[in-house]
Each structure stands twice: as C-alpha cells, then as structure tokens.
Amino acid sequence: MLLKIGELARLTGLTIRTLHHYDSIGLLSPSARTQAGYRLYQHGDMDRLHRIMALRKFGMSLADIANALAGPELPLSSIVARQIAMLERQIAQASTLRERLRTLQTQLTQGQAPELAEWLTTMELMTMYDKYFSHEELQQLPLLSDAAVEQEWKALVMKVRAVKDAGAGPGDAPAQALATEWMVKLVRDTGAHPGLFARLNNMHAQEPSMQATTSIDADLMQFILAAFNASRMALYKPFLDEHEYAHLLANYGKRSGEWPALIAAVRAAIDARTPPTDPAVLQLARQWLELFRSYAGTDPATQLKFRQAHQQEPRLMEGSFVDAAMLQYLGAAMAVVAQERPGA
C-alpha cells in the first residue's frame, strides 16, 4: 500500500511540513513518486519513520538521529522497548501528579494554604504531565479529566465491593451485571479505543498509588474479570452441547489477559489502513485464531457454533472493544491464513 504525504501526515499525527523537511535533509525519503512527482511512502518506510519519531521523543536532535541511523542498525524491538520504558515513567508521573492535585484540592476546599515547597513540586509535575500526555489523549480518557465520570466510577466501585463483600461469587447474576456495566463504561470512557484501554490497564496494574486512589485493587479487578467471563460463558451456553460447554468452562479465562493488547494492535492496523493481507496483519490473525481455539477447541463444527452465537447474541459484543468492522477486517485476513495453512 502506497501513501501520499498528506495521508501519512494525517495517520501519524506529523505535519506535511515536517515530512518535507525530513525528505530535504535526507532523513526520510519516500520510496517512490508518482509521474507527477508526488511523494509516495510504502510499508518499508514505516520502520525508519518509527525510529525517527521514537528517537525524537528521546530528545535527540535531527543531526544525531541521522548519525544514529547511518551507523549499525539498532533493532526496532530495542527502540520499542525503550519507548515502553519511557511511557511507564510517564504513567508513574501522571499518577503522582493526580495524587498531589487531590491533596491540593482538599487543602484549598478547607481554606488551608498549601506549603510553598509542595505547591512548587505540584507545578513541576504539571509541566511533566503536559509534556507527556496530549490534549487529545486526555479528551479520550474522561477518567483522567472529567469529575462527573470519576464520581460514576466511584459509585460503581462501591457497588462492586459491596456485592463482593456480601459473599457473591463471579457466577452470581448481580456480580455479572455489575461486571458488564464496568466493561461497557470502560469502552465509553476510552472512546472505544482499545489502545488507550491497554495503556490504562497497564498503568493501573503497575502503579500502587493508582490502586489506592481508585480503591480498585488486584483482588477486585480479578473479581470483575471473573464475573465478566462468567457472563460471557453463560451467553454461549445455549449454543453448545454439554461436552463443548465443559471445555469452555475449563479454558475461557486462562488467556484472557492476552486479548487487550491484541485487540489494540488490530485496531491500530485498521486505523493505519493496513491491508488485511499485510504480513503483520496475518500474524495478528493467527494470534487471534490461537486465542479463539484455546477456549473453542479445534473442531470446525464447534467453532461454527461460537460464530453463530456472536451473530445471534449481540450482548457478547458488549464491553469487548470489538465491533463488526473489526471482525470483518479479521475475517479477510483469516481467509488468507486458511489458504496458506490448509486444514488449520
């Protein structure tokens, strides 16, 4: 797939002027041009552009980036690992800032004057927040910016904890209803963006201060996940025989933690307009099939029952970050995978 410079700018968030500049200094030249001379970028150019964007985020000058790219090639996986580490630091800083702002709000509400040192530290953290988190990301995460949404979540957390403390198990109807409400709210409050959900999920898992602030600890999260999984299995049950349902019960939750990152990767491919026949997308389709088979089994007749369940039971899509467009996109990729691996 070839992208014109305007399309590449829109999909990456860069400006056309920036891409023109990268071309003029030899940092990133398009692989092809039209007969009229318009720049065309292809899949192979994305590797180099990712490196440039990542190294810029690390604070390197364009001259230093050019020297780095001219030397021995640093594996892209290493650069991505550095990006992940940087994002984890940013998440920790944002969590710390939120705690300080809560303390500051309480003091001001009570008519107290904050200590000068604490105030200066808070303002320092504010500049870090602005540096690492864009306005657009905050708009897509009302959990971090909308007081009304925050109150909704506090109320929901209290309901879940009350049901759990009363002795309800994940298989009980009240727990499953609250778990479904929880997941539907997550989809809403992340703008149905699975990538933001994955980042938010990682932030909560890695930051103890975030767990203290939200009153959502690992035990409560496990309860929600188990109840949500139980609600999904109950929806599948009418479509399966006794043996198939027993297999589902034994395997459904074992690899559920792998789904968020995979769904986010598929959504990113869709947003980048990557063809479903692209090798990277085919690999995502194989991973999707592997996870599907981990609970549905390998019998084509049983797998068909699961697909029929999704067609006939719309509640299975609630809170999943998966929509019909994503399934259609994956279907095209899986058709290619099936041809490459007969009988798979």
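## Burial of F292 and Y295

F292 is buried, with a relative accessible area of 11% (buried means under 20% relative accessible area, with a 1.4 Å probe and protein chains only). Y295 counts as buried too, at 8% relative accessibility. This is a predicted model, in which local features need pLDDT of at least 70 and side-chain atom pairs count only at pLDDT 80 or more, while totals for chains, interfaces and linings use all residues. Residues are numbered from 1 along each chain as its sequence is written, and side-chain values use heavy atoms, without hydrogens and water.

## Aromatic pairs

Rings of Phe, Tyr and Trp (its six-membered ring) pair if their centres lie within 6.5 Å; planes under 30 degrees apart count as stacked, over 60 as edge-to-face and the rest as tilted. This rule gives eight aromatic pairs. W153 and W182 are an edge-to-face pair because their ring planes stand at 85°, with the centres 5.2 Å apart. The pair connects distant parts of the chain, 29 residues apart: W153 is in helix α8 (residues 147-165) and W182 in helix α9 (residues 173-189). Both W153 and W182 are buried.

F292 and Y295 also pair edge-to-face, at 5.7 Å centre to centre and 90° between the planes. Both residues belong to helix α15 (residues 279-296), three residues apart, or about one turn of the helix. Ring pairs join F292 and Y295 with Y236, Y252 and F306 in a cluster.

## Overall fold

The protein has 17 helices and three strands, taken as DSSP runs numbered from the N terminus (helices H or I, at least four residues; strands E, at least two). Of its 344 residues, 38% count as buried.

How values were computed: Buried means under 20% relative accessible area, exposed over 50%, partly exposed in between (1.4 Å probe, protein chains only).
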